[in-house]
Amino acid sequence: MSIEKEMLEFLANKESWVFCIKDVISFGDYKSVAKALERLTDKGDIQRLTQGIYYYPLISKLFNTSFPPEIKDVAETIARNNNWEIRETGNSALYFLGLDNQIPMTFTFLSSGPYRTYTIDNRAIEFKSSANKNFIFSRKISLIVQALKALGENNIGFNEIMKLSNFLSNEEKEELFKNITFAPLWMQKYLKDIGGLNNE
């Protein structure tokens with residue numbers, strides 16, 4: 001069986017997937033896998049989103065068309081391909097948490113790597129090089145911290161506290177309390193409220 005057929009069988013079990021070459025390198029040596037990906041792209045079986053990043057699309061059987069990839073999946077795959085740590089920030093954090101329904105013009109992530117921007121399906125992904133202190137928190141807690149920063153000290157109310165509290169499990173709230181002193185002082189009172197509401 002050819003590498004292309006093996007890959008397609010593997011990808012078919014994923015339903016849809018954003019991936020990089022290191023995710024499928026087990027199917028052969030680097031050169032052979034890269035060539036196989038090129039051929040699958042030319043045939044339209046997969047889509048090349050940017051250098052080294054591919055998408056096995058989810059197809060709508062009703063409309064016989066493919067859905068675009070989730071921007072978060074693309075960002076995470078770019079980060080994984082480059083061995084970067086990333087964290088959502090600004091309006092992107094608000095959007096992913098459902099605190100803002102407006103789709104950002106640019107999806108912004110803090111990154112342990114260099115500054116980079118990508119355009120995927122007319123949507124921009126921006127990676128901002130960031131200090132290590134922004135990676136102290138786990139991904140979900142960091143998402144809340146960045147969302148609070150984006151809202152600002154005087155724009156956080158009961159509804160926001162409730163929504164953010166429901167986003168975390170009780171175990172994650174325990175983690176939040178353990179690391180709460182790493183957050184800005186003004187934010188700690190809100191984080192205590194978020195962590196103090198127990199999930200049933």
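Two strands are said to pair if DSSP finds at least two bridges between them. Helices (H or I, at least four residues) and strands (E, at least two) are DSSP runs, numbered from the N terminus. The model discussed here is predicted: local features need pLDDT of at least 70, side-chain atom pairs count only at pLDDT 80 or more, and totals for chains, interfaces and linings use all residues. Residues are numbered from 1 along each chain as its sequence is written, and side-chain values use heavy atoms, with hydrogens and water left out.

In general, the strands of a sheet pair through backbone hydrogen bonds, either parallel or antiparallel. Strand 1 and strand 3 (residues 53-56) pair in the antiparallel sense over four bridges. Within this pair, Val-18 has Tyr-55 of strand 3 as its bridge partner. These strands belong to an open sheet of three strands, ordered 1-3-2, with antiparallel pairing. Strand 1 (17-20) and strand 2 (47-50) are its edge strands, each pairing on one side only. On average, neighbouring strands of this sheet are turned by 35° against each other, direction ignored. For such angles, axes are lines fitted to C-alpha atoms, for helices over the stretch in contact, and angles run from 0 to 180 degrees between N-to-C directions.

A further open sheet consists of four strands in the order 6-7-9-8, with mixed pairing. Strand 6 (86-88) and strand 8 (116-120) stand at its edges with a single partner strand each, so one side of each is left without a neighbour in the sheet. From one strand to the next, the twist averages 25°. Strand 6 pairs with strand 7 (residues 106-111) in the antiparallel sense over three bridges, and the bridge partner of Arg-87 in strand 7 is Leu-110.

Helix 5 (residues 139-151) lies across strand 6 and strand 7, running at about 45° to strand 6.

Helix 5 has 13 residues and reaches 18 Å from its first C-alpha to its last, close to the 18 Å expected; the expected span is 1.5 Å times one less than the number of residues. Its buried residues (under 20% relative accessible area, 1.4 Å probe, protein chains only) include Ile-141, Leu-143, Val-145 and Leu-148. Among the elements that cover the buried residues of helix 5 are strand 6, helix 4 (90-96) and helix 8 (185-196). Just after helix 5, Gly-152 takes a positive phi of about 95°.

How values were computed: Contact = heavy atoms within 4.5 Å. Buried < 20%, exposed > 50% of the residue type's maximum accessible area, 1.4 Å probe, protein only.
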